[in-house]
Structures are given as C-alpha cells and as structure tokens.
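Have a look at the sequence and the model first.

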Amino acid sequence: MSIRESIIAEIRLLSLPSEQLAYEQSLTQSGHAPSELIDGFCSDLYNPKNEELISSFSKDELKELAHLYGIMVEASQENSQSVASMLKSPTWRRVIELAKELYSFYERQGT
C-alpha cells in the first residue's frame, strides 16, 4: 500500500467513531486505543519531510494533513483513557469532522 493509500485509510478510520470503537475492541491483549489512533497518523504516517508523502499529495492536501496533525497533537494532550471518553472530547470531535471532510474529498477524487 502506498503512503497515500495508507494515509487515506487512516483518515477514514479517524472519520468514523464506530470504527474507532471497533478498533479499540480489537486490541484484546495490549495497546491503548486512544494513543494508537493518534500515533497511527502522527507518528507512523505523517512526516512532512518525507519525500514520498510530499510527492503523493498536492500542496493544498499537504496543508490539510498538517491541519489534521495539529488538531490531533492538541487532542493527544487530553490523555483519554478510552475511545468512548475520547469521543466526548470537543477536540477529538474536531479531528473527526476534519477527517470526514478530508475523506469525502478523497472519495470524490477517486483516490
């Protein structure tokens, strides 16, 4: 899977609270779902200096990814104990709303 496909898949997950709850349920042995959701994008995928990332997205798309990153970093400061508590956070609701907008854009583009 390309970096573009991976990021779009992660944005899809971030846009769907039901999928986030299901993801938390899938972590049966270990893992802290709120941290994993944030790290999946912020640590594992988004690196604004990565050449593959830069060449895979337009300038405007990169700005939107940076915006998403910023809100997610802000949400990470809340230290939610569960996805359910995270979903109640106004900051995380902003993450979801932006992710919905971004994912809708990528769906319309066919990417």
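What follows is a run of questions and answers about a predicted model.

Q: Why is Phe 41 called buried?
A: The cut-off for buried is under 20% relative accessible area. Phe 41 comes in at 0%, so buried it is.

Q: What makes the pair of Phe 41 and Tyr 46 stacked?
A: Two numbers settle this one. Ring centres have to lie within 6.5 Å to pair, and planes under 30 degrees apart count as stacked. The centres of Phe 41 and Tyr 46 are 5.6 Å apart and their planes sit at 15°, so the pair is stacked. By this rule the model has four aromatic pairs.

Q: Is Tyr 46 buried or exposed, and how do you know?
A: Tyr 46 has 10% relative accessibility. Buried means under 20%, so Tyr 46 counts as buried.

Q: Why is the pair of Tyr 46 and Tyr 69 called tilted?
A: Here the centres are 5.1 Å apart, and the limit for a pair is 6.5 Å. The angle between the planes is 35°.

Q: Which parts does the pair of Tyr 46 and Tyr 69 tie together?
A: Tyr 46 is in the loop between H3 and helix H4 (51-56), while Tyr 69 belongs to helix H5 (residues 59-76), so the pair joins parts that are 23 residues apart in sequence. Through ring pairs, Phe 41, Tyr 46 and Tyr 69 make up a cluster. Leaving out residues up to four places away in sequence, Tyr 46 touches Phe 41, Leu 53, Leu 62, Leu 65, Ala 66 and Tyr 69.

Q: Why does Asn 79 count as exposed?
A: Exposed takes over 50%, and Asn 79 has 54%, so it qualifies. You'll find Asn 79 in the loop between H5 and H6. Asn 79 also has a positive phi of about 50°, although it is not a glycine.

Q: How do you know that Gln 20 is buried, and what does Gln 20 touch?
A: Its relative accessible area is 0%; the cut-off is under 20%. So Gln 20, a residue of helix H2, is buried. Setting aside neighbours within four places in sequence, its contacts are Leu 13, Leu 14, Ser 15, Leu 37, Val 83, Leu 87, Trp 92 and Ile 96.

Q: How do H2 and H3 pack, and which residues meet there?
A: Helix H2 (residues 17-26) and helix H3 (residues 33-42) have axes 9 Å apart, at an angle of about 115°. Their crossing is right-handed. From H2 come Gln 20, Tyr 23 and Glu 24, which meet Ala 33, Pro 34, Glu 36 and Leu 37 of H3. Sorted by class, that contact has four nonpolar, one polar and two charged residues.

Q: What makes Ile 8 buried, and where is Ile 8?
A: Ile 8 is in helix H1. With 7% relative accessibility against a cut-off of under 20%, Ile 8 counts as buried. Beyond residues up to four places away in sequence, Ile 8 touches Tyr 103, Tyr 106 and Thr 111.

Q: Which residues touch the most other members of the largest nonpolar core, and which elements supply it?
A: Members of such a core have to be buried. This core has 30 residues, and the ones touching the most other members are Ile 7, Ile 11, Phe 41, Leu 65, Leu 68, Met 72 and Trp 92. Two or more residues each come from helix H1 (3-15), H3, H5, helix H6 (83-87) and helix H7 (90-109). H7 gives the most, with seven residues. As for Ile 11, its contacts outside four places in sequence are Leu 65, Leu 68, Ala 99, Leu 102, Tyr 103 and Tyr 106.

Definitions and conventions:
Residues are numbered from 1 along each chain as its sequence is written. This is a predicted model: local features need pLDDT of at least 70, side-chain atom pairs count only at pLDDT 80 or more; totals for chains, interfaces and linings use all residues. Side-chain values use heavy atoms; hydrogens and water are left out. Axes are lines fitted to C-alpha atoms, for helices over the stretch in contact, and angles run from 0 to 180 degrees between N-to-C directions. Helices (H or I, at least four residues) and strands (E, at least two) are DSSP runs, numbered from the N terminus. A crossing is left-handed if the near helix is turned anticlockwise from the far one by less than a right angle, and right-handed if clockwise. Contact means heavy atoms within 4.5 Å. Ala, Val, Leu, Ile, Met, Phe, Trp, Tyr, Cys and Pro count as nonpolar, Asp, Glu, Lys and Arg as charged, and the others, Gly among them, as polar. Rings of Phe, Tyr and Trp (its six-membered ring) pair if their centres lie within 6.5 Å; planes under 30 degrees apart count as stacked, over 60 as edge-to-face and the rest as tilted. Buried means under 20% relative accessible area, exposed over 50%, partly exposed in between (1.4 Å probe, protein chains only). A nonpolar core is a set of buried Ala, Val, Leu, Ile, Met, Phe, Trp, Tyr and Cys residues joined through side-chain atoms within 4.5 Å.
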